[in-house]
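Thanks for asking me to look this over with you.

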Amino acid sequence: MSESSAEVVADVASAAVAASAAGAAGGWRRATGIAGVAIGVVAAGAAAGVALERMTVGRGMRQKARLALDSAGPYGSLRGMPGKAFADDGTELYYEVDDLDPEAAPAAIGPRRRRLFGRKSPAPVTVVFSHGYCLSQDSWHFQRAALRGVVRTVHWDQRSHGRSGRGVAQGRDDEPVTIEQLGRDLKAVIDAAAPEGPLVLVGHSMGGMTVMALADQYPELIRERVVGVAFVGTSSGRLGEVNYGLPVAGVNAVRRVLPGVLKALGQRAELVEKGRRATADLFAGIIKRYSFASRDVDPAVARFAERMIESTPIDVVAEYYPAFNDHDKTEALVHFAELPVLVLAGVQDLVTPSEHSEAIADLLPDAELVLVPDAGHLVMLEHPEVVTDRLADLLTRTGAVPAGATVKGYGSTSTAQPG
């Protein structure tokens, strides 16, 4: 981005701050377009605006195209056995379980392992997937489709995301969200959905931070039950130093005004949501910029990501954002030192840069580090075959999946119920 673009970003952010300070209804109406831009950036995990491609198709045609993609795209259609867990503040956390195919279970356990445990088969390995900021459990669509029936999996929605309930502590007590709270939420989901047996923990972005927070607070759980971990496009700290692909002038402007902008916008959620809808085209361009790096991303996949992100209410976007600057779980990584670990990131990730994944791998020298060229932040959607392949290899190394098992094609979109 050029310096002139950075100046535009600063002007947009400053105007939004001025509008929020004014507080007048008329001022807010005039600012909804600006608010839509700022929200789109944050919802994609970024901290500032970007220069957008020139729009060459009429708005009506673009709206029809979005509706067509929504109706035709199978992404996010996979469902499992639903369940509910409850966080320590009473927040309802929604999860789904995809169980082993009954016919595949004996092969997965193996005769030698059955003899070791006697007549009673041991609890199967459960793979728990944690999603990122402004996403949902459906962001793991390709990996879920590939692993269905091969291994027991749990997919859950973080508080105030997807089908989970609004954070009670946030809605009732106006408490800030913390990564530590998310770690406790994950513990509640594990207690409800996988109370016994070995675990493999998989986390993308904020989900990876959640896994680190779990280890920080419950090291005995990691020691006694976890047999493998995958960190995808995440960070153990120092997120306040990320420049989001902007020059220094743009970054400094955004850091100065964005917290105040988000807080103000969160207090005017209903009006701002209208602004988001009115700036849908702008919003889509920003999401694509900060989610993907490839030029040939499937339009249906891009629209799928857009739907997940735009479904996150602005007040949730606002209350989560400060938690990332406070996040520092570098010391918690020591709890994974003796485990098989996969660290994977897109080389062109602007949200949690690949250097952050390299830093994690440096602290876990036995970890497998995979850097995916031509990949952005949503690497599991952009290059699902790479993520699924490396994840399947991790599961084989942990014993969760037998070496001879067949993992389905990464593009499978079957909606059949498990079992």
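**Notes on the helices, the sheet and the rings**

1. Let me begin with a helix pair. From α8, the residues I179, E180, L182, G183, R184, L186, K187 and I190 meet M206, M209, T210, V211, A213, L214 and Q217 of α9. Sorted by class, this contact of α8 with α9 has nine nonpolar, three polar and three charged residues. Please keep in mind that the model is a predicted one.

2. How do these two helices cross? Two packed helices are described by the angle between their axes and the distance between the axes. Helix α8 spans residues 179-193 and helix α9 spans residues 206-217; they pack at an angle of about 80 degrees, and their axes are 7 Å apart. Angles of 65 to 115 degrees count as roughly perpendicular, so α8 is roughly perpendicular to α9.

3. Next, the sheet. It is open and has eight strands, in the order β1-β2-β4-β3-β5-β6-β7-β8, with mixed pairing. Which strands stand at the edges? They are β1 (81-86) and β8 (368-372); each has a single partner strand, so one side of each is left without a neighbour in the sheet. From one strand to the next, the twist averages 20 degrees.

4. Within the sheet, β3 (residues 126-130) and β4 (residues 152-156) run parallel and are joined by five bridges.

5. Helix α18 (residues 384-398) lies across β3, β5, β6, β7 (341-346) and β8, and runs at about 175 degrees to β7.

6. Finally, the rings. The structure holds six aromatic pairs, and ring pairs link Y75, F142 and F304 into a cluster. Which residue lies over the face of Y218? That is K187, at 5.2 Å from the ring centre, and K187 is also one of the α8 residues that meet α9. Likewise, R289 lies over the face of Y290, at 5.9 Å from the ring centre.

Notes: Residues numbered from 1 in each chain as written. Predicted model: local features only at pLDDT ≥ 70, side-chain atom pairs only at ≥ 80, totals over all residues. Heavy atoms only, no water. Axes fitted to C-alpha atoms, helices over the stretch in contact; angles between N-to-C directions. Helix = DSSP H or I, 4+ residues; strand = E, 2+ residues; numbered from the N terminus. Parallel < 35°, antiparallel > 145°, perpendicular 65-115°, else oblique. Contact = heavy atoms within 4.5 Å. Nonpolar A, V, L, I, M, F, W, Y, C, P; charged D, E, K, R; others polar. Pairing = 2+ DSSP bridges. Phe/Tyr/Trp six-rings, centres within 6.5 Å; stacked < 30°, edge-to-face > 60°. Lys NZ or Arg CZ within 6 Å of the ring centre and 35° of its normal.
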